[in-house]
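Hello,

Here is the structure we spoke about handing over. Please look through it before reading my notes.

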4 protein chains.
Amino acid sequence: MTANDDDTVLARVRESFDRQSFMATIGAEITAAAAGLVEVRLPYREDLCQQNGYLHGGIVGAVADVAGGYAAYSVFPDGSDVLTVEYKINMVAPAQGDWLRAVGQVIRAGRTLTICDFKVYGERADGDSRLCATGQQTLMRMDRRAG
Amino acid sequence: MTANDDDTVLARVRESFDRQSFMATIGAEITAAAAGLVEVRLPYREDLCQQNGYLHGGIVGAVADVAGGYAAYSVFPDGSDVLTVEYKINMVAPAQGDWLRAVGQVIRAGRTLTICDFKVYGERADGDSRLCATGQQTLMRMDRRAG
Amino acid sequence: MTANDDDTVLARVRESFDRQSFMATIGAEITAAAAGLVEVRLPYREDLCQQNGYLHGGIVGAVADVAGGYAAYSVFPDGSDVLTVEYKINMVAPAQGDWLRAVGQVIRAGRTLTICDFKVYGERADGDSRLCATGQQTLMRMDRRAG
Amino acid sequence: MTANDDDTVLARVRESFDRQSFMATIGAEITAAAAGLVEVRLPYREDLCQQNGYLHGGIVGAVADVAGGYAAYSVFPDGSDVLTVEYKINMVAPAQGDWLRAVGQVIRAGRTLTICDFKVYGERADGDSRLCATGQQTLMRMDRRAG
């Protein structure tokens with residue numbers, strides 16, 4: 001894959017991502033994309049926390065689901081949409097740091113169903129990075145209805 | 001269990017829930033609680049959606065996780081805190097309606113680990129209710145450090 | 001649903017189950033079936049255990065998967081086959097007793113994907129029954145290729 | 001880690017594995033072990049199949065669970081035992097070939113809970129290898145009761 005191909009993937013993924021109002025509400029953005037791999041970044045904000053001042057598990061789950069979902073979407077043909085069938089996520093450490101980085105990656109792409117792995121890291125501006133969640137996800141490819 | 005007991009459970013669950021800034025940000029609230037059962041409600045808002053105008057999967061996962069987590073917490077002794085170890089969620093229908101109702105329920109409470117079931121429904125003011133997600137969750141009881 | 005309908009479901013489920021050599025190897029059998037509900041029973045055997053003399057987790061997972069899979073299959077049209085996409089299982093107590101009873105139940109049946117819940121109980125001849133595993137499963141309907 | 005250390009891990013893992021009667025019943029064996037990594041191998045047998053002649057999903061789940069469980073056990077201190085809390089497994093292709101190879105790997109080891117990833121491959125004597133299942137697992141460390 002050339003850099004140009006990755007640019008095309010990134011543009012296509014962002015075009016869909018930018019229509020998700022919830023991602024704008026929480027301040028998440030797509031920071032990298034290639035065929036089968038998408039990275040989402042969310043800066044820490046005090047209004048996105050649980051009772052101990054860490055980022056909320058719902059935020060962790062949301063960026064994980066989105067990273068995995070767009071990793072699947074990145075390998076789908078044009079004109080198709082992606083649906084999360086299910087995911088499973090282990091929370092392995094508190095979600096802290098200056099931002100979260102979620103990485104979704106295709107394990108196996110099928111005609112109907114695609115399986116992704118995702119990991120979420122809490123990272124600091126000084127370079128510290130710590131795994132805070134890991135999971136696995138099943139996505140479905142939907143053919144978009146013609147207009 | 002008498003109504004009074006339920007009132008105590010509800011007050012205890014709300015005291016913790018109200019310290020979760022993310023729940024205030026998205027407008028979720030605890031609408032019912034009893035020992036081993038918690039209900040969370042989230043009104044529809046256009047800034048919490050995915051690309052097709054339905055409530056975002058991250059929102060569905062968040063209220064599911066919170067409903068299950070507080071269901072576990074509701075049976076823990078005073079002075080303990082709850083941690084989500086992991087959960088698995090199936091998205092079975094688009095999250096639409098006037099609000100989401102998430103119901104978490106303890107399947108088995110253990111000394112260290114508690115297992116909960118959760119369901120999320122999309123509901124309308126006219127009484128229509130539709131299952132949109134179902135899952136299972138493992139929670140850990142943590143003893144709070146003395147101040 | 002009448003008893004006759006249930007007999008038809010049971011016969012159809014058993015016809016497929018009986019072609020699973022592994023179920024014969026471990027001595028499992030279908031003990032009940034109705035549309036959307038299947039029960040599998042497996043008598044305790046010393047050659048199916050883990051290191052502490054309880055029935056092996058692999059056995060628990062196998063009967064759970066089969067009970068859920070056939071619960072889905074029981075609502076599929078004739079000429080279709082069932083495939084386990086994925087499942088998640090919590091082991092909540094050691095699998096002991098005179099037999100295991102696994103109950104699979106359809107939560108939501110879709111055109112392509114069906115979601116089931118399963119529970120596995122360790123039971124004794126004296127009537128004691130204890131939940132030892134609980135989980136959730138995604139199944140896919142496959143149209144059988146014409147001969 | 002030196003080869004000697006790996007030999008010690010392998011011996012310790014096998015000592016427990018060999019007390020699992022079910023693993024002997026189905027003909028599984030541990031073929032490699034290092035700290036945090038265990039490989040299980042199971043030759044194809046006609047009496048371990050589902051209705052289409054592929055190895056049964058229950059077999060796939062069993063070797064996956066065991067590979068992950070012993071990967072966790074391999075990093076536990078002496079005198080502790082391992083318990084599967086839960087796992088989630090995606091079946092991504094039929095389990096065929098001359099044998100199955102299951103690989104369990106620790107993602108994060110904690111004091112109480114350890115998270116593992118597992119993969120199961122269907123392999124042929126001619127070198128062909130194909131992923132047939134992938135999953136994630138939560139294990140608990142138990143201190144063995146003194147005799």
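Below is what was found, starting with how two of the chains are related.

Please keep in mind that this is a predicted model.

Chains C and D

Chain D can be superposed on chain C by a rotation of 180° with 0.0 Å of shift along the axis, and the RMSD is 0.0 Å. The two copies are thus related as by a two-fold rotation axis. Within chain D, the residue whose C-alpha comes closest to that axis is Lys88(D), at 2.0 Å.

The contact between these chains involves 28 residues of chain D and 28 residues of chain C. On the chain D side, the elements that give two or more residues are α2 (21–26), α3 (57–73) and β3 (80–91). The largest share, eight residues, comes from β3(D). Sorted by class, the side of chain D that touches chain C has 10 nonpolar, 12 polar and six charged residues. Of the interface residues of chain D, 100% are also interface residues in chain C, so the copies meet through the same surface.

Strand β3(D) also pairs with a strand of the other chain: its partner is β3 of chain C (residues 80–91), the sense is antiparallel, and there are five bridges. If you want a place to look in the viewer, find Tyr87(C), which stands opposite Ile89(D).

Strands within chain B

In chain B, strand β6 (residues 129–143) pairs with β3 (residues 80–91) in the antiparallel sense over 11 bridges. β5(B) and β6(B) form a hairpin with five residues between them. In the turn, Gly127(B) has a positive phi of about 105°.

The nonpolar core

Which residues touch the most other members of the largest nonpolar core? They are Val63(A), Val63(B), Val63(C) and Val63(D), in a core of 184 residues. Taking chain D as the example, and leaving out residues up to four places away in sequence, Val63(D) touches Ala28(D), Val40(D), Leu42(D), Leu100(D), Ala102(D) and Val120(D).

Regards

Notes
Residues are numbered from 1 along each chain as its sequence is written. Chains are lettered from A and ligands numbered from 1 in the order in which they are written. This is a predicted model: local features need pLDDT of at least 70, side-chain atom pairs count only at pLDDT 80 or more; totals for chains, interfaces and linings use all residues. Copies are superposed by least squares on the C-alpha atoms of residues with pLDDT of at least 70 in both. Two residues are in contact if their C-beta atoms, placed from the backbone, lie within 7 Å. A nonpolar core is a set of buried Ala, Val, Leu, Ile, Met, Phe, Trp, Tyr and Cys residues joined through C-beta atoms within 7 Å. A residue is buried if 20 or more other C-beta atoms lie within 10 Å of its own, exposed if 12 or fewer, and partly exposed in between; C-beta atoms are placed from the backbone. Two strands pair if DSSP finds at least two bridges between them. Helices (H or I, at least four residues) and strands (E, at least two) are DSSP runs, numbered from the N terminus. Ala, Val, Leu, Ile, Met, Phe, Trp, Tyr, Cys and Pro count as nonpolar, Asp, Glu, Lys and Arg as charged, and the others, Gly among them, as polar.
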